[in-house]
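Hi everyone, thanks for making time.

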Amino acid sequence: MITLGGCPAAVTTFGVVARSRGGLRETAPARPKSRYTPATRRKTRSDSEILLEYYVEGRVGTDLLHRALVAQTRQALVHPVYFGSAVTGAGVPELITGIKELLPAADGDPEGPVSGTVFKVDRGPAGEKVAYARLFSGTLGIRDRVPFGEARTEGRITAISVFDGGTETRREAVPANRIAKLWGLADIRIGDALGEPRKAHGHFFAPPSLETVVVPGPDTDARSLHLALTQLAEQDPLIDLRHDEVRQETSVSLYGEVQKEVVQATLAEEFGLDVTFRETTPLCIERPAGSGTAAEFIKKDANPFLATVGLRVDPAPVGSGVAFRLEVELGAMPYAFFKAVEDTVRETLHQGLEGWQVTDCSVTMTHSGYWPRQSHAHQGFDKSMSTTGADFRGLTPLVLVEALRRAGTQVYEPMHRFRVEAPADTLGALLPVLAALRAVPQTTETRGDRCVLEGAVPAARVHGLEQRLPGLTRGEGELESGFDHYAPVSHGTVPRRPRSDHNPLNRKEYLLNVTRRVGG
């Protein structure tokens, strides 16, 4: 490790690597011969190139190293790591110094357009939502209305607290470059953008690969449990809930078995609720196996909705998510109707033919139609003669699942990459167990009296591997695992997930629930 001002930091710069076990290591090839002298090159090279040259020559200076670290940290090319304890306070002064010296200073314009990000959501004494936000630009005041989130919902700020010197103080406004607590944004969530969204960044966390049903204890009210879980999900973006109205059950997504214990303890300590859990199951996905189209037209083929919708489902590259496109003119009907179709498509794809979320697909609207607002002579608006957004929201799931039926879907299960390090003489006992757990070693390496196996294992089998490993390796085995990819389910029965919607796969049941009329 390299220590700067008492702070250990990991540094990488043009082939020079600071590592925790072995100091600096040169990864660049030997310096080629050149007709230029070192002095000439130093006049035209960057700090990073000079740093590499000085290192090769064996004279790396602290000042130059620190300057390169600052420059590359501010470009997000390196990520310094600090060690300490929040309990004892050890390392906190060094961390604060590092933040001040290494990270770029805030330079937002208080007179510019409002732009910020919510990084935490809490609840006040009366149960109201309180948003913690970092304001990058503009000034936000009490009674200001500000759009937020993907839906760009507008909220009105009712109170503001600004953090100053470790304490919070009520203010009438918060300018750019400050952190504040905001009241009044009822539907706010962690990660929501306030005002003008900044540059979008990708996800830094792998998706959860497991889920379980939370079961209320004998004296736990189901409604109180649902409210508590909802609040936990608001405060932690890594918690995802799925509520089944039919069965009155709530499922929570998981990264591992330990998270069950965390959720259980949090519900007990913060909400006074006793819960248990059902068996953990893998959180699968569905992808279209081919292309499929379907359409329903106004007043044809027992269509009870005053809307025409045609959709085509096509496979898309892995990792691309869901795309919605139009093959009809945008001016063919009011934009609100197109928006109703798109929103309903995305919502319906949360449950595919087998009940899992459908992803990596493109949905194209191929047909559209509506009846304009009209009424009988000298009378007010007549819903029976005019299309509303509810018609498109009701019809779209039926058309989409029919297109999915014709395309077909394949269920994929989450796979974890794993790394097992164990005594070499236990390899013979390990391999059969790995095979039984459907873990596939891809590389095997022996290092003295230790062996290292790396490969892939179904997420559902990771906990079993954790339980078996100590006994197989005399307690000397080490296991690392994490989500890696989704693989087609190729063993046993294809897993199905109970539906929690009105089930558009069953037309009669769906229409009975949605329109209270049976069609077809």
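As for what you're looking at, it is a predicted model, in which local features need pLDDT of at least 70, side-chain atom pairs count only at pLDDT 80 or more, and totals for chains, interfaces and linings use all residues. Residues are numbered from 1 along each chain as its sequence is written, and side-chain values use heavy atoms, with hydrogens and water left out.

How many salt bridges does a search of the whole structure find? The count is 27.

Take Glu421 and Arg419, whose side chains form a salt bridge at 3.4 Å, N to O. Glu421 counts as buried, at 18% relative accessibility; buried means under 20% relative accessible area, exposed means over 50%, and partly exposed is in between, with a 1.4 Å probe and protein chains only.

Next, please find Glu476 and Arg450, a salt bridge with its closest N and O atoms 4.0 Å apart. This pair links distant parts of the chain, 26 residues apart: Glu476 is in the loop between H10 and strand E30 (478-488), and Arg450 is in strand E29 (residues 450-458). Those labels are DSSP runs numbered from the N terminus, helices being H or I with at least four residues and strands E with at least two. Glu476 is partly exposed at 38%, whereas Arg450 is buried at 18%. Through shared partners, salt bridges join Arg419, Glu421, Asp425, Arg450, Glu454, Arg474 and Glu476 into one network.

Now for a pair within one helix. Asp343 and Lys339 form a salt bridge, with the closest N and O atoms 2.8 Å apart. Where do they sit relative to each other in helix H7 (residues 335-348)? They are four residues apart, so about one helical turn separates them. Asp343 is partly exposed, because its relative accessibility is 36%, and Lys339 is also partly exposed, at 33%.

One last stop, away from the charges. Leu103 lies in the loop between helix H4 (92-102) and strand E6 (115-123). At 40% relative accessibility, Leu103 counts as partly exposed.

That's my tour, and I'm happy to take questions!
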